[in-house]
Amino acid sequence: MDRLGVMEVFVLAVETGSFSAVARRLGLGQPTVSRLIAQLETHLGSRLLLRSTRGLAPTEAGEAYYLRAREILAQVNEADAMVQQCRAGLSGRLRVSAPVTFARQNIIPHLAGFLAAHPGLDLEILMNDGNVDLIAAGVDVALRLGKQADSALVARRLSRCEMRVLATPAYLAAKGSPASPQALQQHDLVLYSPRPGMRQQWRFLRDSQELVVSGRGRLTVSAAEGMRAAVLAGLGLGIASEWMFAQELARGEVVAVLPEWQLPEQELWTLLPAGRQPGAKASAFLAFVAGLPGLGHAPAE
């Protein structure tokens with residue numbers, strides 16, 4: 001029996017607490033199961049299981065080996081399933097989490113081709129600007145904007161785009177255009193704050209000069225949709241990604257001010273629970289997103 005097979009025998013021994021239960025599950029003789037575990041312990045040079053009249057219990061080394069072996073077996077099973085799904089065509093449910101405005105503008109309008117290419121696939125998009133608990137919500141893959149620091153997730157940067165200070169021509173005609181980042185404090189600002197009390201501060205760069213500006217405004221919204229609506233209504237200047245206003249920028253319905261100053265880029269990340277690799281369905285969806293127009297793709301990291 002190969003190493004993966006022996007790993008499976010050991011994992012089942014820990015989970016069932018019985019060599020005889022493992023033998024029945026795998027169709028082996030009980031002496032064979034006992035011999036395989038003994039050979040594994042000899043190979044590793046460490047006792048993995050304690051035998052007693054009440055059954056089997058892992059040692060400290062056995063518990064560590066069990067956790068890692070279970071993870072490896074799960075990854076192998078996922079890889080096998082991915083190949084089988086590719087051969088048979090994608091089917092079943094794929095649940096994706098994505099920010100509301102980004103999904104509405106950049107993903108949903110382009111879904112027809114993806115769904116037509118995978119007729120057996122049912123796609124659920126959970127649109128939420130907050131940080132959804134991926135495991136609790138049963139999410140297969142998530143898209144999030146902004147830097148990601150959650151060590152419990154596997155994060156990969158997919159794309160990025162410029163951030164701009166934006167306003168309607170009507171607002172600028174009435175209130176004038178700021179001549180510098182500091183002048184933003186004398187303007188009506190529309191602030192986007194998904195969390196109450198979130199500090200509003202922006203770092204502007206021009207050549208070797210850096211300015212940090214704190215934002216103050218009479219209008220604060222908790223969702224990106226509110227930011228869009230307020231800026232388009234001429235209620236003030238907003239600091240947002242070009243993704244959020246791509247069509248309006250192209251049509252001249254909003255314009256960028258302070259073009260000589262740069263802001264940190266907006267980043268699009270894909271997220272998975274720690275230790276998990278994307279399955280065939282999630283991989284196909286991420287390939288679809290990576291090919292969407294207008295996302296300003298960054299090199300894979």
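Which residue in S10 does Phe 204 stand opposite? Phe 204 stands opposite Leu 211. The model is predicted: local features need pLDDT of at least 70 and side-chain atom pairs count only at pLDDT 80 or more, while totals for chains, interfaces and linings use all residues. Residues are numbered from 1 along each chain as its sequence is written, and side-chain values use heavy atoms, with hydrogens and water left out.

Phe 204 and Leu 211 face each other across a pair formed by strand S9 (residues 201-206) and strand S10 (residues 209-214), which is antiparallel and has 6 bridges. Strands (E, at least two residues) and helices (H or I, at least four) are DSSP runs, numbered from the N terminus. Two strands pair if DSSP finds at least two bridges between them. In the hairpin of S9 and S10, 2 residues lie between the strands, and Asp 207 has a positive phi near 55°.

Strand S7 (residues 163-167) is mostly covered, with 4 of its 5 residues buried. Buried means under 20% relative accessible area, exposed over 50%, and partly exposed in between (1.4 Å probe, protein chains only). S7 runs antiparallel to strand S12 (residues 237-241), joined by 4 bridges, and Val 165 stands opposite Ile 239 there. S7 also runs antiparallel to strand S13 (residues 255-257), joined by 3 bridges; here Ala 167 stands opposite Val 255. In a regular strand, side chains alternate between the two faces of the sheet.

Turning to a helix, Glu 41 lies in H3 (residues 30-44). Glu 41 counts as buried because its relative accessibility is 10%. Leaving aside neighbours within four places in sequence, Glu 41 is in contact with Ser 46, Arg 47, Leu 48, Leu 49 and Arg 51, where contact means heavy atoms within 4.5 Å.
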